Amino acid sequence: MGRIIISGASGDLGRRVTEILVAADPDIELTLVSRTPEKLHKHKTPGIRVVRGDYQEPDSLNAAYAGGEVLFLISGLNLGRRVAETRNAIAAAKHAGIRHIVYTSVGGIHPNNPALSAKDHYQSELDLRASGLGYTFLRNALYSEIISNILVAPAVASGVISQATAEGRLAPAAKADVARSAAAVLLEPAKHLGAVYEITGPELLTFAEIADISAEVHGTPIKYVPISADQRLAFFDSIGIPRTYDPSMPPSADGHMWASDELVTAEVAIAEGYQTVLSGHVKLITGRNPEYLRSVMESVKSVPYDQIPAEVL
């Protein structure tokens with residue numbers, strides 16, 4: 001199969017995909033690249049190389065990607081840096097002789113999508129198309145676990161979910177389905193060369209419907225109250241999240257540099273229909289039906305988001 005490189009390997013998705021690949025082939029040759037390689041020492045085996053690589057340090061990527069054939073490029077988290085970081089990774093992949101990049105993009109890619117993160121991914125997709133390298137794009141929908149444990153969990157006490165999403169719909173994807181899809185592509189990269197996949201859950205939902213599911217799962221009344229983008233920005237102001245992204249701002253505890261311009265434009269994109277994407281690609285790639293939001297919510301509702309286990313069955 002050749003050497004697979006996972007770049008961004010110490011994050012949740014990287015760890016999930018690594019576990020699947022090793023389970024599929026205990027002798028698989030992998031290179032795990034991370035800014036924090038010490039988090040990956042348990043994976044070090046004769047067939048698995050763990051190395052440091054930072055998207056902001058091109059020389060580190062040149063060394064880390066050496067010997068690879070297929071690169072799983074897990075995009076960086078931070079708005080304002082993501083495009084440049086992806087360009088560094090593409091250049092390093094070409095320098096290393098990598099032939100195929102599997103890139104984690106986002107659902108709703110469109111030149112007019114107002115979501116600031118989608119604008120980053122749109123540009124990175126263009127850069128990959130122009131690179132001369134083979135590519136596969138995994139356009140991942142919003143994680144079901146984010147909806148369950150970040151958006152819904154605070155509403156259990158208040159009984160209200162307030163979003164600037166109007167009546168827009170989306171098809172949340174379980175992290176396990178995202179990881180299984182990525183692993184399947186990496187195991188048979190030639191089969192997926194040039195493909196663009198929409199990785200979604202099995203149903204399109206409004207936030208009113210999500211509130212109904214949440215109320216049933218948690219056994220307490222929860223309703224959805226749509227609010228304006230300005231009202232949503234004012235809420236983030238009230239909890240101390242800055243409005244405008246600044247690449248020099250300090251990261252949060254999870255390493256993400258949040259600003260409300262990114263968060264609210266993502267909600268507006270849902271309201272305007274850019275996330276109204278439903279596909280059968282998870283089953284096409286993996287042979288398994290994707291998980292419903294209700295199922296994910298029932299399994300993780302009592303676990304803090306940052307403690308959700310990364311095991312994938």
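Which elements cover the buried residues of helix H9? In this predicted model, the covering elements include helix H3 (82-96), helix H4 (116-130), strand E7 (160-163), strand E8 (169-170), helix H7 (207-218) and helix H8.

Let me begin, then, with H9 itself. Nine of the twelve residues of this helix are buried, so H9 is largely enclosed by the rest of the structure. The buried residues are Ser260, Asp261, Glu262, Val264, Thr265, Glu267, Val268, Ala269 and Ile270. As to its geometry, H9 reaches 16 Å from its first C-alpha to its last, which is close to the 16 Å expected at 1.5 Å a residue. After the helix comes Gly273, and its phi is positive, near 95°.

I turn now to one of the covering elements, H8. Two packed helices are described by the angle between their axes and the distance between the axes. For helix H8 (residues 229-238) and helix H9 (residues 260-271), the angle is about 150° and the axes are 10 Å apart. The crossing of H8 past H9 is right-handed. On the H8 side, the residues in contact are Ala229, Arg232, Leu233 and Phe236; they meet Ser260, Leu263, Val264, Glu267 and Val268 of H9. Sorted by class, this contact comprises six nonpolar, one polar and two charged residues. Two of the H9 residues that H8 meets, Val264 and Glu267, are also among the buried residues of H9.

The next pair is H5 and H11. At what angle do these two helices pack? Helix H5 (residues 144-158) and helix H11 (residues 293-300) pack at about 55°, and their axes lie 9 Å apart. That angle makes H5 oblique to H11. H5 passes H11 in a right-handed crossing. From H5, the contact involves Ser144, Glu145, Ile147, Ser148, Asn149 and Val152, while H11 contributes Leu293, Val296, Met297 and Val300. By class, six nonpolar, three polar and one charged residues make up this contact of H5 with H11.

Finally, I would draw attention to Pro304, which lies in the segment after H11. Is Pro304 buried, partly exposed or exposed? Its relative accessibility is 40%, and therefore Pro304 counts as partly exposed. The C-alpha atom of Pro304 is separated by 38 Å from that of Ala190, and these two residues are 114 residues apart along the chain.

How values were computed:
Residues numbered from 1 in each chain as written. Predicted model: local features only at pLDDT ≥ 70, side-chain atom pairs only at ≥ 80, totals over all residues. Heavy atoms only, no water. Axes fitted to C-alpha atoms, helices over the stretch in contact; angles between N-to-C directions. Helix = DSSP H or I, 4+ residues; strand = E, 2+ residues; numbered from the N terminus. Parallel < 35°, antiparallel > 145°, perpendicular 65-115°, else oblique. Left-handed = near helix turned anticlockwise from the far one by under 90°. Contact = heavy atoms within 4.5 Å. Nonpolar A, V, L, I, M, F, W, Y, C, P; charged D, E, K, R; others polar. Buried < 20%, exposed > 50% of the residue type's maximum accessible area, 1.4 Å probe, protein only. Expected span 1.5 Å × (residues − 1).
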